[in-house]
Amino acid sequence: MTRSYRFLVAAFSAAAIAIVPAASAAPGSTNFGVSLGEYAFTSTVGCFAGHGSGNAGDSAVVDTCIEHDSLGSQPTYITGGWFAMTTRSPSGAIDYVSGSYVYHGGTITTINPGPNCTNQQYGISGALDHVATSSTSGGTGTFAGTLTHYRAWIFGRCVTYWARVQAGVTFVY
């Protein structure tokens with residue numbers, strides 16, 4: 001290989017590297033609105049999945065499990081759990097956000113107890129720690145929204161047949 005050819009290859013390689021955009025430090029959005037449906041539950045754990053959108057145009061797929069005291073206990077503390085989200089930026093870059101709910105870092109409060117088998121509503125407010133993305137770690141966050149239990153009379157019993165969460169999630173990466 002001649003010296004001029006090597007120089008030309010090196011120059012083109014340097015130019016190509018210079019025009020490739022740098023990797024993002026984290027998803028562009030720090031605030032997300034999420035809509036989640038419950039897919040698993042016990043008396044002290046609710047797991048939800050769904051979608052969200054961020055303040056900088058990111059879209060997201062969300063999965064979370066919130067551990068808590070029994071609903072109706074006073075107070076009803078969040079006792080643990082996890083939050084995970086895959087994001088896609090407006091330019092198509094893929095990233096993720098994950099974190100853990102802080103033990104006693106939030107509560108679940110009754111908004112509407114659902115008398116006569118009407119829908120129940122609860123306020124959820126919790127802190128997140130160990131928030132990480134593909135390029136950051138040690139962040140924090142908050143999760144706040146409304147849990148609705150959809151209920152109906154079935155064979156003389158009041159049955160919750162579905163649950164949904166509408167929430168906002170905010171991160172400091």
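Biologist: Is F32 buried or exposed?

Modeller: F32 is buried, at 3% relative accessible area. Buried means under 20%, exposed over 50%, partly exposed in between, with a 1.4 Å probe and protein chains only. This is a predicted model: local features need pLDDT of at least 70, side-chain atom pairs count only at pLDDT 80 or more, and totals for chains, interfaces and linings use all residues. Residues are numbered from 1 along each chain as its sequence is written, and side-chain values use heavy atoms, without hydrogens and water.

Biologist: How many aromatic pairs are there?

Modeller: There are 7. Rings of Phe, Tyr and Trp (its six-membered ring) pair if their centres lie within 6.5 Å; planes under 30 degrees apart are stacked, over 60 edge-to-face, the rest tilted.

Biologist: Why is the pair of F32 and F171 edge-to-face?

Modeller: The planes sit at 70 degrees, with centres 6.2 Å apart, so the pair is edge-to-face. F32 is in strand β1 (residues 31-41) and F171 in strand β8 (residues 157-172), so the pair ties together parts 139 residues apart in sequence. Strands (E, at least two residues) are DSSP runs, numbered from the N terminus. F171 is buried too, at 4% relative accessibility.

Biologist: Which residues do ring pairs link into a cluster?

Modeller: F32, F83, Y101, F143, F171 and Y173.

Biologist: New topic. What do the strands of the barrel run through, in order?

Modeller: The closed barrel has 8 strands, β1-β2-β3-β4-β5-β6-β7-β8, with antiparallel pairing. Two strands pair if DSSP finds at least two bridges between them.

Biologist: How many bridges join β4 and β5?

Modeller: β4 (residues 76-88) and β5 (residues 94-112) pair over 9 bridges, antiparallel. The bridge partner of T86 in β5 is Y96.

How values were computed:
Helices (H or I, at least four residues) and strands (E, at least two) are DSSP runs, numbered from the N terminus.
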